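Please open the model in a viewer and keep the sequence beside it.

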Amino acid sequence: MKKLLLLIAIMTNLSCTQAQQATNGNDDSLLRLAEQRRSVRQYTNEPIDRETIDKILTVATLAPSSYGQNPVEFVVVDGREQLSKLAACKRIGAPSVRGAAAAVVVMADTSKGELWVEDASVAAGYLLLGAEQYGIGACWNQIHLRDGQRLSASDEIRQLLGIPERYEVLCVVAFGHKGEKKSPHSAEKMKEGRIRYGKF
């Protein structure tokens, strides 16, 4: 019984310490996550369960938006044939989409404001970090201002997926279990010469 009480005390103390570190801003878990996140373009054949995709998308829905309009929405595409059709909507191709287990179309309702590119970009960034958090490889494929086979890539994706005309597609993020290993970024190296205070 004494051992059990001691174990409970140790675990409680550890939890309190972790919570205190997070409160004090000493928790570097987000920094570590950002260092680990790399664009992954090769995937295994293992499918991604819907629950994991939903968790990643939930992270993305929490991204800030201009004036709190929340214009960004998502369409999840899976199935080899549909993924191939989606990849072909971009004239130069999107190999990571074709080989993915699933892909997320990041789009915005342009009737909700003119800053849709910025809002969708922030949401896509959250999507990439969310994927890394849950151990899923991900890669951004630019769609906005890119050509399709006949129309713009955004127009062709709208036609393929039945998306209303008031929406614009920013990008398609490919998802898959990682089929390639990349070393984490170094925060110190990545920020070298890129941060200034007060003036250039």
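A charge is said to sit over a ring if NZ of Lys or CZ of Arg is within 6 Å of the ring centre and within 35 degrees of the ring normal. Select R196 and F200: R196 lies over the face of F200, at 3.9 Å from the ring centre.

Before continuing, note that this is a predicted model, in which local features need pLDDT of at least 70 and side-chain atom pairs count only at pLDDT 80 or more, while totals for chains, interfaces and linings use all residues. Residues are numbered from 1 along each chain as its sequence is written, and side-chain values use heavy atoms, with hydrogens and water left out.

Next, colour the model by helices (DSSP runs of H or I, at least four residues) and strands (runs of E, at least two), both numbered from the N terminus. Select the open sheet, which 4 strands form in the order β1-β2-β4-β3 with antiparallel pairing; two strands pair if DSSP finds at least two bridges between them. At its edges are β1 (72–78) and β3 (137–142), each of which pairs on one side only. Direction ignored, neighbouring strands of this sheet are turned by 25° against each other on average.

Now select β2 (residues 102–109) and β4 (residues 167–176), antiparallel strands that are joined by 8 bridges. Within β4, C171 is the bridge partner of V106.

Keep α4 (residues 80–87) and show α7 (residues 153–161): the two pack at an angle of about 155°, with their axes 9 Å apart. They are therefore roughly antiparallel to each other, a term for angles over 145 degrees, while 65 to 115 counts as roughly perpendicular. Which residues in α4 meet α7? Q82, K85 and L86 meet I157, L160 and L161 of α7, where contact means heavy atoms within 4.5 Å.

Finally, select α2 (residues 29–36) and α6 (residues 116–133), packed at an angle of about 95° with axes 10 Å apart. These helices, α2 and α6, are therefore roughly perpendicular to each other. Here L33, A34 and Q36 in α2 meet L129, E132 and Q133 in α6.

Terms used: Axes are lines fitted to C-alpha atoms, for helices over the stretch in contact, and angles run from 0 to 180 degrees between N-to-C directions. Angles under 35 degrees count as roughly parallel, over 145 as roughly antiparallel, 65 to 115 as roughly perpendicular and the rest as oblique.
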